[in-house]
Amino acid sequence: MAALTPDFPAVRACLFDMDGLLLDTEDIYTLCNNIILRECGRPDLPWNIKAQLQGRPGPEAGEIFHTWAQLPIPRAEYIRKNTELQRKHFPSAQPLPGVPDLLKTLRERGVHLALATSSHAANFKLKTSHLKALFSYFPEEQRLLGDDTRIPPGKGKPAPDIYLLALETINNGLRKKGEKEVKREECLVFEDSVPGVEAGRRAGMRVVWCPHPQLLKEYKGREKEVLAGLANGGKDEQVKEVMEEAAVGGEGRGRGWPGRRNDGWAELVKSLEDFPYNRYGIRDA
C-alpha cells in the first residue's frame, strides 16, 4: 500500500526521549550488563533481548532482563553491582551526532521543547550533570522523568501517558501567558526505542524514529510495523474502526490507539544530523 500524505499542520512542539536518542547511554547500559553477565559466566546481552528493554520503565525492563539472564546471584547483588558500574560510566555519556545543533535550531525557530524519559531522577543526574548546557534547552518544568509521580504506576512507555503529560507541561505554560495551546498533531516525538514509538503514536502525535544501528537490524523488514506503533504487540484490526471514523488528527487518535502502516504519521531516520526541518513546517523565525 502506498504511503499516505496527510495534510499536517506545522510542528510547534518537539518531545524527546533521552537514552539512545539524545545521549549514547544505551551503549553504557549494555556495557554494564555485559560486565556482570561475563562475571557470572553468562553470554552477552543479545539485541533481541536488548530491544525489549529499551524505553521501558526500570522495573519492567528488569523483569524482562532477569527472566532471560537467569543469573546465579541474588537480584539484590546484581542491582548493587549494576548501580556501581552505572555510577562509574554514566558521567562519561555524550550527545549523539546532530543533537546539539538540532536542539539549538529548534529553540531558535521558536519550537517548544520537552523531555520525556524513562530514566529516574538519580540516573538522570548521573547522565546529565556534566551536560548542563545541552539540557538547558529543556525548562525544568518541561522535563518528565520515569519516577515522576504524575505518571500512574504501570503507565510508562509504550503507554502514551508520558508524552501526553509532556505536552500538558508545555500548554500549562502557554495558558499562563495567554498564548495558543499546542495540539497533539502539532507535536513531533523523537524516539529510538520501539515501545517509545508506540507511546508517541498512541498519544496521537507524529514520530521520528532514530534507532541504534543494531536495533534497526533487529527490526529489518518490520520498519513500517514499528512506525505504525504496532511492533510492540498492537494489531491493525484493533485500530481499523477507530481510524476509519476519525480524520487525520481527529478524535480517534485520542483514545490511545496506535496507527496504521504507511499512514504518514511517522518517519525513520538513521541520524539526527541534517534534520529536514522544512518537511515539518519548522521554518526560520
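Proline 97 touches Ser271, Leu272 and Glu273, leaving aside residues up to four places away in sequence; contact here means heavy atoms within 4.5 Å. Proline 97 sits in the loop between α4 and α5 (99-108). Helices are DSSP runs of H or I with at least four residues, strands are runs of E with at least two, and both are numbered from the N terminus. The relative accessible area of proline 97 is 47%, so the residue is partly exposed. On this scale, buried means under 20% relative accessible area, exposed means over 50%, and partly exposed lies in between (1.4 Å probe, protein chains only). The C-alpha atom of proline 97 is 9.6 Å from that of leucine 21, a residue 76 positions away along the chain.

The model is predicted: local features need pLDDT of at least 70, side-chain atom pairs count only at pLDDT 80 or more, and totals for chains, interfaces and linings use all residues. Residues are numbered from 1 along each chain as its sequence is written, and side-chain values use heavy atoms, with hydrogens and water left out.

Helix α4 also takes part in a helix pair. Two packed helices are described by the angle between their axes and the distance between the axes. Helix α1 (residues 25-39) and helix α4 (residues 75-89) have axes that come within 10 Å and cross at roughly 140 degrees. Axes are lines fitted to C-alpha atoms, for helices over the stretch in contact, and angles run from 0 to 180 degrees between N-to-C directions. The angle therefore makes α1 oblique to α4, where under 35 degrees counts as roughly parallel, over 145 as roughly antiparallel, 65 to 115 as roughly perpendicular, and the rest as oblique.

On the α1 side, the contact is made by Ile28, Tyr29, Leu31, Cys32, Asn33, Ile35, Ile36 and Glu39, and on the α4 side by Tyr78, Lys81, Asn82, Leu85, Gln86 and His89. Asparagine 82, in helix α4, touches Cys32, Asn33 and Ile36, again not counting residues up to four places away in sequence. Asparagine 82 is buried, because its relative accessibility is 10%.

The cysteines remain. A disulfide is a pair of cysteine sulfur atoms within 2.5 Å, and by this rule the count is zero. The cysteine sulfur closest to that of cysteine 14 belongs to cysteine 187, 8.4 Å away, which is too far for a bond. Cysteine 14 counts as buried because its relative accessibility is 0%. Cysteine 187 is likewise buried, at 0% relative accessibility.
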